[in-house]
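Visitor: I would like to learn how to read a model with two chains. Please start with how the chains meet.

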Amino acid sequence: MMGALRLLAPIAWRNLWRNARRTAITLIVVAVGLWSVLVLAALMQAWAISSRDASLNLLTGSGQIHAVGYLDDPTVDSRMPAPSAALTAVLDAPPISIWTSRLRVPAVIQSEYKTLPVTLTGVVPANEKQLSTLPDQLVGGRYVSGPDDDTVVLGRHLAERLKTRIGKRVILMAQSADGTLAQRSFDVVGLYAGSTTAEDEFVFTGISAGQQMLGVSDAISEISFSLPDDTTLPDTIDALQAAAPDLDVRSWKDLSPLAALMNDFMDAFVGVWLWIMFVLMAIGIVTTQLMAVFERVREFGLLQALGMRPRLILLQVALESAMLVGIGVVVGLVASVATIAAFSGGIDLTAFAAGMDYFGAARVIYPSLTVAQYVENSVLVWILGILVALWPARRASKANPAAAMSVGT
Amino acid sequence: MSEPIVVCQGLEKRYQVGAVEVPALNGVDLEIEVGDFATLAGPSGSGKTTLLNMIGGLDRPSAGTVTVDGQSLGALDKNALTTLRLTKIGFVFQAFNLIPVLSAEENVEFILQLQGVGADERRQRARTALADVGLGGLEDRRPAYLSGGQQQRVAVARALVAAPAVVLADEPTANLDSKTAEELIALMARLNEASGVTFLIGTHDARVIAHSKRHIELTDGRITADERRQNSRAAQ
């Protein structure tokens, strides 16, 4: 095999440049095709990650634990006790990087001007700041300072609708543990910015303040946890469920099906785009290689007449294709790396902010691909390029020497 | 009398052209002996190229047998035929048929590469073969930078470099001017004399025929004359 390659490689390489224009066209087709696949994959992946993270970093995390039935009826009646020692042991151990407890119940907020439905969310601020991005998205005032802090942080849009502001008081009303209406006034100490939906929904206070208001002692509504790597999620869910068999442990894919769907959709879209581009590339490769083969029928006949076996002729044409597609892949790969690196600082989509909010994505996305993704896609295109070129190569190897030699005489 | 290197017996070839069967060879019996410098002449369509293709294993007969250097071609599969062409037959074609992306030396070396000859020996033999045909100093030129006569000399060097049992040349002078054609055929005759390599040349060029030691006439797929010539220019 090595001997055959030593014999054929120089000939194949020189044959590539016999028709430089045709070779250049094929190279451009392959390079542009691969470039579009890789750059689109990076953009789509950035969008998918942005969309997923925007959703998960809001409150969801990698997964959550609730009392059974809470997700169907998220009221104070569906509360659960503070985590047991067994559950705490799993939550405190790797791979879970951070977790937090929350009290999260439907409530009504009232200002001097308006009454609106919200979700009262009692938080442990120190943990919440590590798990959620909302505490860092303040546009005024401060965040809740501790579990006992009985002030509230509102979304900016909600504050506008209530016609309230930092320093004013609002009244929160919710069903208490004993079924009566609990209500209490809170000082507004901060405003946060997020998606309009989030700004209108979540009102944050200290968890102990909320528990005291609702009379639930140390009961909570949910535990949210975060993992640095999604690959360990299924095992973590199993471990948590084993530690708390009476509770409902869910991954983010169950809790945010839209984010999960978006994630899958992006993967599928990139896959479909890869195949569309590959079909176009394949047409280009097969057409040019077939033309090259038809032009050289006489030459292939000559090679056979001189004693070159058909399989070597097949190997030579395949080698030409491998070189041709290989150069195109390298050019496309370099162009892709350069393009993606140029946008690694982020693409600002503020102009499309409304649309991005609708999809739950951030306003700046960061395109990137792993080395493995670059390599996998490039090798896939290269191998498929060689495979489609086997057809013209086979035709070349089937040339009848006598018939081929009579062509043009 | 030398032993035969090529033996054709009852050789027939028919081509199907639509519904019509066109006979190209009609029972050719022929023996080419070692050291022959034979010309195969006849008008266009007489079957010269067909007969050379049968002997060269480029095509298979409809009936009859061909034996080259003791090997019956009918018993060989495609790969074995390819090997036989590589080791026992040298070809010189009308249209030179050099590999355009290879230099003169690489074209000659190519046969030896296919045979698996080592690089050093390959280069030495190729250079010697090119020197033998008067192309010393032009080893690095590609076919596009050689004249027609020089290209055909490279083709002769390529045909001879592997020391084949027989060299089959089909109209080797047809694409050359008369002076170059004369030089080429004189070269081939000289090589035949010097190394004893067997030549069978399909031609209707009188200058080529004038050099032959043996002249075979083919008409309508049949051998109509086969004469040995004592007064050929090659013999003089």
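Guide: Start with one pair of residues: A:R14 forms a salt bridge with B:E106, their closest N and O atoms lying 2.6 Å apart. A salt bridge is a side-chain nitrogen of Lys or Arg within 4 Å of a carboxyl oxygen of Asp or Glu. This is a predicted model, in which local features need pLDDT of at least 70 and side-chain atom pairs count only at pLDDT 80 or more, while totals for chains, interfaces and linings use all residues. Residues are numbered from 1 along each chain as its sequence is written, chains are lettered from A and ligands numbered from 1 in the order in which they are written, and side-chain values use heavy atoms, with hydrogens and water left out.

Visitor: How many salt bridges are counted between chain B and chain A?

Guide: The count is one. For polar contacts (a pair of N or O atoms within 3.5 Å; within protein, one must be able to donate a hydrogen and the other to accept it, and residues adjacent in sequence count only if both atoms are side-chain atoms), the rule finds six residue pairs across the interface, both residues at pLDDT 80 or more.

Visitor: Which elements of chain B supply the side that touches chain A?

Guide: Helices (H or I, at least four residues) and strands (E, at least two) are DSSP runs, numbered from the N terminus. Here α2 (78–88) and α3 (104–115) of chain B each supply at least two residues, and α2(B) has the largest share, six residues.

Visitor: How many residues are in contact?

Guide: Contact means heavy atoms within 4.5 Å. By that rule, 26 residues of chain B are in contact with 23 residues of chain A.

Visitor: What is the volume of the largest cavity, and which residues line it?

Guide: On a 1 Å grid over the protein atoms alone, a cavity is a set of points where a 1.4 Å probe fits but cannot get out, and lining residues have an atom within 4 Å of a point. Grid points are joined across faces, edges and corners, and a volume is the space filled by probe spheres set on the points. The largest cavity has a volume of about 80 Å³. Its lining includes A:L306 from chain A, and B:R85, B:F91 and B:R158 from chain B. The element that gives the most to this lining is β6(B), with three residues.

Definitions and conventions. 1 Å grid on protein atoms, 1.4 Å probe; cavity = no way out; pocket = protein on both sides within 12 Å on 5 of 7 lines; lining within 4 Å.
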